[in-house]
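Visitor: I have a protein model open and I'd like to learn how to read it. Could you walk me through it?

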Amino acid sequence: MVLPAQRALVPLDSVLGLLDLLLDETADEQSAVAPLAESLGGAELTGVLRRTRRVRAALARWRRRDQELSALLSSARELAELRDLDALLDRLVARAHDLVGTDVTYLSEFDQETDELRVRSTLGTFAPEFRRLRVPPGKGLAGKVVSTRSPQWTTNYDHYLDAPHDAEIDEAVRAEGLVSLLGVPLAAGDRVLGVLFAANRDEHAFTPEEIALLSAFADHAAVVLQTVHLLAQARASAEAARVANEDLARTMAARERASAVHQDLTNAVLRGGTAHEVARTLAASLGRSVEIFDRDLAPLASARTDASGESSPMTAHVRAAVERSRTTGRCVFLDPSDDGASVVVAVVAAETLLGAILVGHGDLALGSVERRTIERAAQIVALLALKREAVAEAEERVRGELISDILLGDGAHREELMLRARARGVRLESLRMVVAVLVPRDRRRATVQALGTWRPGLLASEHAGCVVVLTDAADPDSAATEVRECVRPLTGAPVLVVADTPVATWGELGARFEPLRQCAELLHGMGIQDTAVNAAAYQPYLALFGAGRDGIVAFTEAVLGPVLRWDRDHSTDLVKTLRTYVDSHCSPARAARALNVHINTVNQRLDRITLLLGPAWREPEPFFRVTVAVRMHALATGL
């Protein structure tokens with residue numbers, strides 16, 4: 001009888017190695033299975049390998065599931081401890097990113113009013129536009145998640161057709177390089193709080209385990225998020241009640257302070273106080289630095305509560321706030337988003353701006369009572385400014401009358417004029433020069449006020465359509481320059497200053513004024529309106545043409561008319577060539593060097609001028625008229 005072949009026995013070491021392979025997911029399969037090849041046939045070995053792999057996969061899946069559940073519970077506990085919404089959202093996204101292991105994880109918050117989804121927190125993104133993404137209602141995969149309140153996913157977003165696409169969303173997704181997306185709702189009751197997304201930059205088929213894991217995490221997170229919202233609402237309600245009680249207490253205290261301040265400000269007006277007194281009173285009441293500016297928004301008075309001693313700059317932003325306050329008469333906060341921001345109020349009388357009050361930062365909140373106190377202080381400053389300006393106008397009128405009497409040269413009242421001048425701190429016997437200043441009519445008063453502080457011992461006032469300065473200066477060029485430098489920054493407009501040579505005695509000042517005024521008007525008519533000049537340099541022109549512009553224009557047109565018309569019609573500049581030729585002592589070579597052209601070009605232009613003016617224009621008498629005409633044209637065009 002033949003016995004069946006005895007089955008080979010598997011060594012114990014091989015069995016133990018196979019069990020170790022099942023327990024250790026990092027072990028090498030080939031090394032563990034190799035000893036079995038000696039005891040098992042090919043089919044049996046294949047069966048063992050197949051079953052071993054299935055068992056290893058199941059064990060790995062169970063281990064991963066256990067790790068995910070542990071991480072989920074740990075994350076839920078950690079999230080439950082957070083109370084700050086932004087920190088909660090960031091931590092939520094970070095935990096989801098760790099759990100799912102995708103390239104990008106982000107959370108979009110649902111806006112109940114607009115039905116939009118707005119990206120609030122991201123991890124793994126790099127495109128800045130993605131972090132500002134807003135999803136319109138019903139658009140894209142996110143809109144599908146909100147409408148169905150269930151997870152939605154796609155292996156390739158470009159091929160996703162279950163919801164309408166949006167161009168802005170598609171562009172942001174492409175910029176971020178996202179391909180596959182999974183979105184799960186953050187829902188609490190019947191309310192959708194947002195959508196949690198996991199995305200990859202390549203095609204990926206999300207497994208049921210991944211979808212279930214992210215959904216479970218989102219459910220935990222939604223409960224925590226809803227709790228944070230409710231706690232925030234409760235805290236807000238409690239805070240609102242506390243603030244209301246504090247506001248009531250502050251209002252009562254503010255009313256008492258305001259009553260005391262109003263009384264002090266009223267007493268300041270009755271006592272004839274100054275802007276400095278108003279600033280000190282207001283600063284003491286508010287516990288803030290106070291600065292008062294005049295009608296030109298230049299510093300007038302200040303009272304500081306800090307140790308810096310630095311004035312607040314009158315920037316364009318502050319000036320714009322002054323204009324807004326000017327139309328309403330109310331306080332304007334310079335930074336409405338800051339409860340402790342500085343505030344400005346315009347000082348007005350009717351529609352006239354008389355200045356502004358700028359209140360700096362401080363601990364005391366500026367409520368309605370404090371703002372009304374500041375506005376009342378602005379009214380007090382307006383009253384003081386009107387009073388001050390009334391006194392100044394009276395003084396200016398007296399000085400104007402004094403200048404008029406001096407320029408009229410009434411010798412019978414010399415002693416009286418000297419007494420009137422000394423009453424204003426001016427010694428007539430020291431005055432030796434007349435200076436005329438042409439500025440726009442609405443800036444003449446500011447010019448007179450500026451000159452009043454320029455240097456002691458002078459008289460300045462409006463007279464005969466200009467501002468007249470009587471001074472003891474000895475040099476007309478330097479006097480004209482100094483007057484212009486004093487006036488120009490304050491006027492914001494062109495300033496023409498004309499000074500004359502000194503006289504021997506002040507009684508000769510009147511005789512010098514009228515020619516000086518005519519010279520200024522002549523220069524102004526010629527277009528010279530923003531400079532400082534010595535009148536003596538322009539006396540020949542005044543002698544030729546007087547003070548009128550019409551004579552200059554008529555003379556220039558009569559002499560140079562054909563050349564001027566040729567330049568206008570042909571876009572040339574023969575007048576410049578002619579002027580350079582005259583200035584070069586009638587030398588074509590010098591003129592060519594000055595114009596940086598070839599001498600033949602100059603000769604050709606002179607030939608054209610000869611055709612236009614006639615062959616006799618270089619004769620002595622016509623050439624004199626041409627010379628004067630090009631000079632007047634150069635002055636008139638500012639050259």
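Visitor: Let's begin with a pair of strands. Which residue in S14 is the bridge partner of leucine 459?

Guide: It's leucine 470. Keep in mind that this is a predicted model. A bridge is one link in a strand pairing, and here S13 and strand S14 (residues 466-471) are joined by 5 bridges in the antiparallel sense.

Visitor: How many strands are in the sheet with S13 and S14, and in what order do they come?

Guide: To read a sheet, walk across it from strand to strand. This one is open and has 5 strands, in the order S13-S14-S12-S15-S16, with mixed pairing. At the edges you find strand S13 (459-463) and strand S16 (531-534), each pairing on one side only. From one strand to the next, the twist averages 20 degrees.

Visitor: Where do I see the mixed pairing?

Guide: Follow S15. With S12 it pairs in the antiparallel sense over 4 bridges, and alanine 436 stands opposite valine 498 of S15. With S16, strand S15 runs parallel, again over 4 bridges, and valine 497 has alanine 532 of S16 opposite.

Visitor: Are the faces of S15 covered or open?

Guide: Check the residues on each side of the strand. Both faces of S15 are covered: Leu496 and Val498 are buried on one side, and Val497 and Ala499 are buried on the other.

Visitor: Which strands does helix H14 lie across?

Guide: Helix H14 (residues 476-491) lies across strand S12 (433-438), strand S15 (496-499) and S16, and its direction makes about 160 degrees with S16.

Visitor: Which residues of H14 are buried?

Guide: First, the general idea. An α-helix has 3.6 residues a turn, so residues three or four places apart point the same way. Now the case here: the buried residues of H14 are Pro476, Ala479, Ala480, Val483, Cys486, Val487 and Thr491. Their cover includes S12, helix H13 (444-452), S15 and S16.

Visitor: Where is threonine 125 found?

Guide: Look in the loop between strand S2 (117-123) and helix H5 (128-131). A loop residue can be read the same way as one in a strand. Threonine 125 has a relative accessible area of 12%, so it is buried. Its side chain and that of threonine 122 are joined by a polar contact of 2.9 Å. Setting aside neighbours within four places in sequence, the contacts of threonine 125 are Val104, Phe130, Arg131, Glu176 and Arg201.

Visitor: What is the strand order in the sheet that contains S7 and S11?

Guide: That open sheet has 5 strands in the order S8-S7-S11-S10-S9, and its pairing is antiparallel. Strand S8 (299-303) and strand S9 (332-333) each have a single partner strand, so one side of each is left without a neighbour in the sheet. Helix H9 (residues 275-286) packs on this sheet, touching S7, S8 and S11, with its direction about 35 degrees from that of S8. Helix H10 (residues 316-328) lies across S9, strand S10 (343-349) and S11, at about 50 degrees to S10.

Visitor: Which residue in S11 is the bridge partner of glutamate 291?

Guide: Leucine 358. Strand S7 (residues 290-293) and strand S11 (residues 352-359) run antiparallel and are joined by 4 bridges.

Visitor: Finally, how many helices and strands does the protein have?

Guide: There are 21 helices and 16 strands. Of the 639 residues, 43% count as buried.

Notes
Residues are numbered from 1 along each chain as its sequence is written. This is a predicted model: local features need pLDDT of at least 70, side-chain atom pairs count only at pLDDT 80 or more; totals for chains, interfaces and linings use all residues. Side-chain values use heavy atoms; hydrogens and water are left out. Two strands pair if DSSP finds at least two bridges between them. Helices (H or I, at least four residues) and strands (E, at least two) are DSSP runs, numbered from the N terminus. Axes are lines fitted to C-alpha atoms, for helices over the stretch in contact, and angles run from 0 to 180 degrees between N-to-C directions. Contact means heavy atoms within 4.5 Å. Buried means under 20% relative accessible area, exposed over 50%, partly exposed in between (1.4 Å probe, protein chains only). A polar contact is a pair of N or O atoms within 3.5 Å; within protein, one must be able to donate a hydrogen and the other to accept it, and residues adjacent in sequence count only if both atoms are side-chain atoms.
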